[in-house]
Structure formats: C-alpha cells, structure tokens
Amino acid sequence: MMGKKKVLVVCGTGIATSTLVALAIKTEMAARGIEVETSQCKVSEVEAHCADADLIVSTTQVPAKLDKPVIVTLAFLTGIGKAGLLTKIEALLREV
Amino acid sequence: MLSSEIDSLIPLDAVLIGAAFQSADEVIRALSAKLFEIGHVRQSHAQATLAREATHPTGLALEGHFCVAIPHTDPEHVLKPSIAIATLPEAVDFRNMEEPDENLPVRLVFMLAFTDKDKQIEALQMVAGMLQSPHMLDAIVSATVASDILEIIKRQGSA
C-alpha cells in the first residue's frame with residue numbers, strides 16, 4: 001500500500017482558492033485510493049514550505065524554481081479541464 | 001447552505017446591480033466600501049484588496065462565457081465573513097489569474113471577504129458551484145434587483 005502523499009496547495013493569499021483546491025484534491029484522490037495530506041501557503045512563502053511536499057498545486061504562477069513537480073491550474077474553480085487534471089495528479093502521486 | 005446563512009453571508013446592501021464602472025479598481029473600492037459601511041470589513045480592506053489584485057489578479061475565464069472576478073485579500077482586514085457582488089452591464093477589464101498579462105472582460109464580480117479558511121469552505125464551494133454553472137451566472141447578471149440574486153443563489157443552495 002502506498003504511503004500518505006503530501007500536496008502543498010498554493011494561492012495568492014493562502015486562504016481562498018487554495019482551500020477549495022486542497023479539499024477537492026483530498027476528496028478526489030481518496031476516491032482513487034490515494035491518501036493525501038494537504039497543507040496551504042501563500043505563493044510568497046512557497047520556498048519555505050515545499051521541503052517535504054511530493055507535489056505542489058497552485059492557482060497562481062509560482063515564480064521560484066522548485067525541485068518538485070508543480071501544477072498551475074484553475075480547474076477546481078472553473079471546472080474547465082478538471083477530469084484531465086485529476087488523472088494527471090493521480091499519475092504524479094503514484095510515481096513519487 | 002441554509003437560506004439564513006446565505007442572507008448573513010451576502011448582505012443585500014453589498015449587492016450592486018448594473019452600476020457603470022470604468023475600472024477594476026473602481027469596482028473593488030465600491031464593493032469594499034459597502035462592506036465597510038455595514039461593519040463587515042476594516043477600512044484597510046479596500047487598499048489591501050487592490051494591492052493583492054495588483055500582484056495576484058483574480059479574473060477567471062470561463063468556458064464559452066463572460067468572465068468573472070473574485071477579488072479578495074488577507075483575513076486580518078475582514079471582521080465578518082461576507083461575499084459582495086457586482087453585476088456589470090458594461091464589461092470591466094480584470095487581469096487573468098492564470099495569465100496576469102492578459103485582460104479579461106468581466107461582467108460579474110464576487111468579492112470574497114473571509115476570516116478563516118476552514119469555516120468558509122462551504123461558501124467557497126458555493127462560489128465554485130456558481131462559476132461552474134453557466135445558467136446560474138446568466139441568471140445572476142440578468143437580475144434587475146438585488147433580492148433576485150439572493151433568491152437565485154438560495155435556489156441553487158437547496159437544489
């Protein structure tokens with residue numbers, strides 16, 4: 001069995017859109033049999049928070065060069081491209 | 001969400017219909033002023049939201065539809081969780097959250113004034129639900145009185 005995966009969810013304030021994304025990822029990955037632990041931060045704090053993350057999902061451009069897979073997406077807000085995105089996140093989490 | 005929860009979250013006084021605005025800044029100032037008048041945000045809220053919009057814009061392009069913006073800022077400027085709404089007869093440019101160099105013609109603004117991420121998750125899901133429902137967005141921008149917008153949102157909430 002796979003261990004718990006850590007996803008860092010990032011947005012401009014770390015309170016609004018990232019909360020929605022964190023909940024959606026936890027729920028959707030649980031349905032696919034992947035246990036996910038999420039944490040949230042502001043984009044300005046991403047370098048300080050990303051050390052133990054397996055994946056970073058952001059609703060805004062992440063300027064820093066990070067040594068982790070990064071997905072920038074608004075699909076959890078707008079619904080556009082959501083199915084494909086979930087498949088991509090699942091694949092990434094199964095690899096790490 | 002319960003009808004009474006929606007009434008407290010979206011104050012009727014903070015729903016602006018059909019006002020003519022020239023810029024995103026004007027819309028943000030007007031909505032923040034409404035929330036300030038009823039004591040839901042601090043005076044610092046307008047400036048903080050403008051600053052946040054400048055560095056992290058909130059315009060959203062929706063599939064085959066007009067664009068929506070969701071300006072918001074840090075919780076310390078907020079006293080009571082609220083959503084203020086503006087419908088814009090003439091589109092106003094907001095920059096795109098995904099591509100900040102791009103302008104989007106916005107017809108509907110949801111200003112999200114939140115205090116605690118864990119307590120506002122239901123409100124956030126409600127907003128995401130609206131963004132993903134073209135019928136509802138159409139109904140909201142077509143509304144001619146503020147109370148109709150609340151009714152539309154409540155119907156969705158109970159559906």
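Hi everyone, let's start with the sheet: chain B has an open sheet of 5 strands, in the order β1-β4-β5-β3-β2, with mixed pairing. Strands here are DSSP runs of E with at least two residues, helices are runs of H or I with at least four, and both are numbered from the N terminus. Two strands count as paired if DSSP finds at least two bridges between them. At the edges stand β1 (15-17) and β2 (59-60) of chain B, each with a single partner strand, so one side of each has no neighbour in the sheet.

Before going on, a word on the source. This is a predicted model, where local features need pLDDT of at least 70 and side-chain atom pairs count only at pLDDT 80 or more, while totals for chains, interfaces and linings use all residues. Residues are numbered from 1 along each chain as its sequence is written, and chains are lettered from A and ligands numbered from 1 in the order in which they are written.

How confident is the predictor? Chain B averages a pLDDT of 93, and 98% of its residues score at least 70; pLDDT is the predictor's confidence in each residue, from 0 to 100. For the complex, the predictor gives an ipTM of 0.83 and a pTM of 0.92.

Back to the sheet. Strand β3 (residues 67-69) of chain B runs parallel to β5 (residues 103-113) of chain B, and 3 bridges join them. In that region, Ala69(B) sits opposite Val109(B) of β5(B).

What lies across β3, β4 (82-95) and β5 of chain B? That is helix α5 (residues 134-142) of chain B, at about 85 degrees to β5(B). Axes are lines fitted to C-alpha atoms, for helices over the stretch in contact, and angles run from 0 to 180 degrees between N-to-C directions.

Now the chain as a whole. Chain B has 6 helices and 5 strands, and along the sequence they follow the pattern α-β-α-α-β-β-β-β-α-α-α. The C-alpha trace of chain B spans about 40 × 35 × 30 Å along its principal axes.

Finally, the partner. The contact takes 20 residues from chain B and 15 residues from chain A, where contact means C-beta atoms, placed from the backbone, within 7 Å. On the chain B side, helix α4 (residues 121-131) gives the largest share, 5 residues. That side divides into 10 nonpolar, 5 polar and 5 charged residues. Nonpolar covers Ala, Val, Leu, Ile, Met, Phe, Trp, Tyr, Cys and Pro, charged covers Asp, Glu, Lys and Arg, and the others, Gly among them, are polar.

Terms used: Contact = placed C-beta atoms within 7 Å.
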